[in-house]
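Open the structure in your viewer and keep the selection panel at hand. We will go stop by stop, from the whole chain to single side chains.

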Amino acid sequence: MTTEILRNMLYQSVGMASSESALSHVDVIILDEVHYLSDISRGTVWEEIVIYSPKQVQLICLSATVANPDELAGWIGQIHGKTELVTSSKRPVPLTWHFSTKTAMLPLLDEKGTGMNRRLSLNQFQLDSSGENMYRDEGSRRRKSRKYQFDVPARSKNDMNSTRRPQVPQVRDTLWHLEARDMLPAVWFIFSRKGCDAAVQYLEESKLLNELEITEVELALKRFRAQYPDAVRESSAKGLLRGVAAHHAGCLPLWKSFIEELFQKGLVKVVFATETLAAGMNMPARTAVISSLSKRTESGRTLLNSNELLQMAGRAGRRGIDERGHVVLVQTPNEGAEECCKVLFSGLEPLVSQFTASYGMVLNLLAGAKVTRTSPETDESDASRSGRTLEEARKLVEQSFGNYVGSNVMITAKEELARIQNEIQLLASEITDEAIDKKSRKLLSQSAYKEIADLQEELRGEKRIRTELRRKIELERVFSLKPLLEELGNGHLPFMCLQHTDSDGVQHQIPAVYLGNVDSLKTSKVKNMVNESDSFAVNMEKISSDAKSDHAAGPSYHVALGSDNSWYIFTEKWIKTVYKTGFPDAALVIGDALPREIMTTLLDKVDMQWEKVAESELGGLWCMDGSLETWSWSLNVPVLSSLSEEDEALQFSETYQNAVESYKDQRNKVARLKKKISRTEGFREYKKILDIAKFTEEKIRRLKARSRRLVTRIEQIEPSGWKEFLQISNVIHEIRALDINSQIIYPLGETAAAIRGENELWLAMVLRNKVLLDLKPPQLAAVLGGLVSEGIKVRPWKNNSYIYEASTTVMNVITLLDDQRSSFFELQEKHGVKIPCCLDRQFSGMVEAWASGLTWREIMMDCAMDEGDLARLLRRTIDLLAQVPKLPDIDPVLKSNAVKASSVMDRPPISELVR
């Protein structure tokens, strides 16, 4: 039974008495390969099974690759009942790790099995290729010294690759060692279908079978061809007679099953497979060969993690047959033994919750009485089905594994935060003026204390004056920038540098292009926000009275676009410098809008989601992400290193220069007073008190930084799944699938709750659409095929590129549905839901052709799809068609057509042994 089927059974049983439950006769549920709980696409279903399973049903969870079994057992124990963790590090068949190069197959690990075999180091390879000839030329047989052996200069990545490249073996090289050491049969992992097929063709001239075995394979192939003529993979038949085969998702399930049967009988010696074979397939071998440590994904090449490596290695060693299993890792141009050991010893990755809500989950947990009740009998049965409130549903949803782990982290983080805050409070009390004064009075003589105390009081007064002068400098600098920005911004968008220091003391400089003063820009959103929000207020009370009298107005807010494609709102306080160069504010073509107008329009289009970066008495610095449309503008903002000091346009007023001179004089006065204090009688002892205070201040600073990080971490920990649950429930409520207040479920919700699929609500919307009623069975299948084609691709390496096109009727229906899908997307976006809504017309013609009765040979002739991909698409379509007659409140005509389409499509080679 699949986990999805079991989960759907449990939906109906949650909260019922054990005698009424669909699992009333079930005593044990075994969840094999429970590490699938971390799978992005299926993990939620595994967690739901644990959450919804009745407590009287025993759960047995099995896996060989779980790094945090204590957390998993703790979670199950908390929500399901007493749980016992049983662990074992013993393998029934021990593994030996090997490393294959061009000329040899050596042990990967040292004798203790705790490190890499030194003979596989890059240094050794380099010495083998260069040093050996040197010694032979010298005619010397002296042994290399240890010092020389490991005294090899550091190499660049290119040097490392050039050293490794000659060591990369061909498939035949590694296979020769496997044969010679009696290490066959083997499963050979290659991370692409094309690579697996190429390896089989490369070995077509090899001979791994004896005459008797060849005869058995020929006979088995003849029987298979007679029973399933369309399922024979003719391109692989020659390799099969040589003892090699490919096994991947591009093969028909029937053919893969045939390969597995021959492999288990010992009639296939090497199977080249993608990593999907490592997941739960009962196909153990004596040896597992892993061709590379990296594989290509949608985001580029990524390195295998330890879990993936060990899953594949787990195919090696047949219980009751082999005394030892063998795992062979292969040298590649980019990966050697060092990288292999690094992955192998990196440790298992912990299970991570992938729990997220779906339409089916929300509907099944909240649904109560049906709106379609028509009889007293129905009324009575529905009355017993009371929906759950949001609070009741939340208690279930928040039992996820992620919440269990997160709550433990939350508790620990809060305890640590409280401890840090108490320590900060205690340390701060030790460095107050009163505390230092008390320590000084106790430690110094009366005369020494009085002398230092008087000078310290004088010093504090002078420091206050120095601070006031520094504020005056800042304000004068602000008002020096005002006319400069106005002058440079006239017909010009000057470049500038913004500067701020973050909470950790790191200084950031941001190149930007200046747009203008907020009050002068034609952007009502920004202008209203700055003028009406208290967050943007400038605290003029802390500015000196002299500065206020000199300048009637305070700092102003401005807007700029940074080179990081972020918008910035700031006062003059945050401007480090302004440059004479910039974008000319001139239209590219006569009649076009000016650059400042274009950028202002782009700014006004986006939602005002500003984040405060820094704050001061003279106003804050705010930031907001730009859009795709502003990206090209931000790319043209030069880096600061390309702008010279000669380009700077800063010119300060005479008042500013005078303020700077006054500040320098005051700073010197403070310095002289400090020097005078240092010459007093008791200064040596007093300095010890000050040094301790400085050390304490630094400790407080570090603790505050740690406290801020903890606060951020705590804010990030939120109940996983519940936010998505609420967002989905809002969509369901607005589209009238279910009233979340009364828990009354409407017909659309009833249909969606009963469907199995990725976006159950979208599937229900399509199936309830009256436009489907006019379609013939093959046309209905074609439309539904477009709903389940996600992940199916055309294979670019195939020489042929033919795909059947759908009929005009099908294309028109899909076009109509696409408009409805766009509206549904908008509704999802409105509520923050990101569940895909598949509708792809590319392969609908292939489904329509098969449903119309074309043979497999006809449909695959010059086809641009792999057999396995087409079979998977057709099987998904059949599965959806088979659901239609069982769904509530579906038109009888649609049900009838679905049955007809399904019965025609469910024929060999699709109908047999499908995975």
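What share of the contacts in the protein chain with a separation of 6 or more comes from residues 24 or more positions apart? The share is 77%, where contact means heavy atoms within 4.5 Å.

This is a predicted model, in which local features need pLDDT of at least 70, side-chain atom pairs count only at pLDDT 80 or more, and totals for chains, interfaces and linings use all residues. Residues are numbered from 1 along each chain as its sequence is written, and side-chain values use heavy atoms, with hydrogens and water left out.

**The whole chain**

Select the protein chain. It has 34 helices and 18 strands. Helices (H or I, at least four residues) and strands (E, at least two) are DSSP runs, numbered from the N terminus. Of its 915 residues, 48% count as buried. Buried means under 20% relative accessible area, exposed over 50%, and partly exposed in between (1.4 Å probe, protein chains only). The chain exposes about 47,400 Å², with carbon and sulfur atoms supplying 49% of it. Accessible areas come from the Shrake-Rupley method with a 1.4 Å probe; for residues, only the protein chains shown count as cover.

**The mixed sheet**

Next, select the seven strands of an open sheet in the order β4-β3-β11-β8-β5-β7-β6. The pairing is mixed; two strands pair if DSSP finds at least two bridges between them. At the edges sit β4 (105-107) and β6 (244-247), each pairing on one side only. Neighbouring strands here are turned by 25° against each other on average, direction ignored. Axes are lines fitted to C-alpha atoms, for helices over the stretch in contact, and angles run from 0 to 180 degrees between N-to-C directions.

Zoom in on β11 (residues 325-330). β3 (residues 95-100) runs parallel to β11, joined by six bridges. L95 faces G325, and T96 stands opposite H326. β8 also pairs with β11 in the parallel sense, over four bridges. There, T287 has H326 as its bridge partner.

Is β11 enclosed or open? Six of its six residues are buried, so β11 is largely enclosed by the rest of the structure. Side chains in a regular strand alternate between the two faces of the sheet. In β11, one side carries G325, V327 and L329, the other H326, V328 and V330, and all are buried.

α7 (residues 171-180) lies across β3, β4, β5 (186-189), β7 (270-273), β8 (287-290) and β11, at about 155° to β5. α8 (residues 193-202) lies across β6 and β7, at about 170° to β6.

**Salt bridges**

Stay on α7 and pick D173. D173 forms a salt bridge with K102, the closest N and O atoms being 3.2 Å apart. A salt bridge is a side-chain nitrogen of Lys or Arg within 4 Å of a carboxyl oxygen of Asp or Glu. K102 is in the loop between β3 and β4, 71 residues from D173. K102 is partly exposed, at 35% relative accessibility.

The structure holds 42 salt bridges. K605 lies in α22 (residues 595-605) and E629 in α23 (residues 628-635), so the pair ties together parts 24 residues apart in sequence. Then select E416, R419, E423, K699 and R706, which are linked in a network of salt bridges.

**The antiparallel sheet**

Move to the open sheet of seven strands ordered β16-β12-β13-β14-β15-β18-β17, with antiparallel pairing. Its edge strands are β16 (575-584) and β17 (611-614). Neighbouring strands are turned by 35° against each other on average, direction ignored. β12 (residues 492-501) and β13 (residues 507-517) pair over seven bridges. C497 has P511 in β13 as its bridge partner.

**A buried helix**

Select α2 (residues 43-52), which holds E48. Here 10 of the 10 residues are buried, so α2 is largely enclosed by the rest of the structure. E48 has 0% relative accessibility. Leaving aside neighbours within four places in sequence, E48 is in contact with R7, Y11, F355 and M361.
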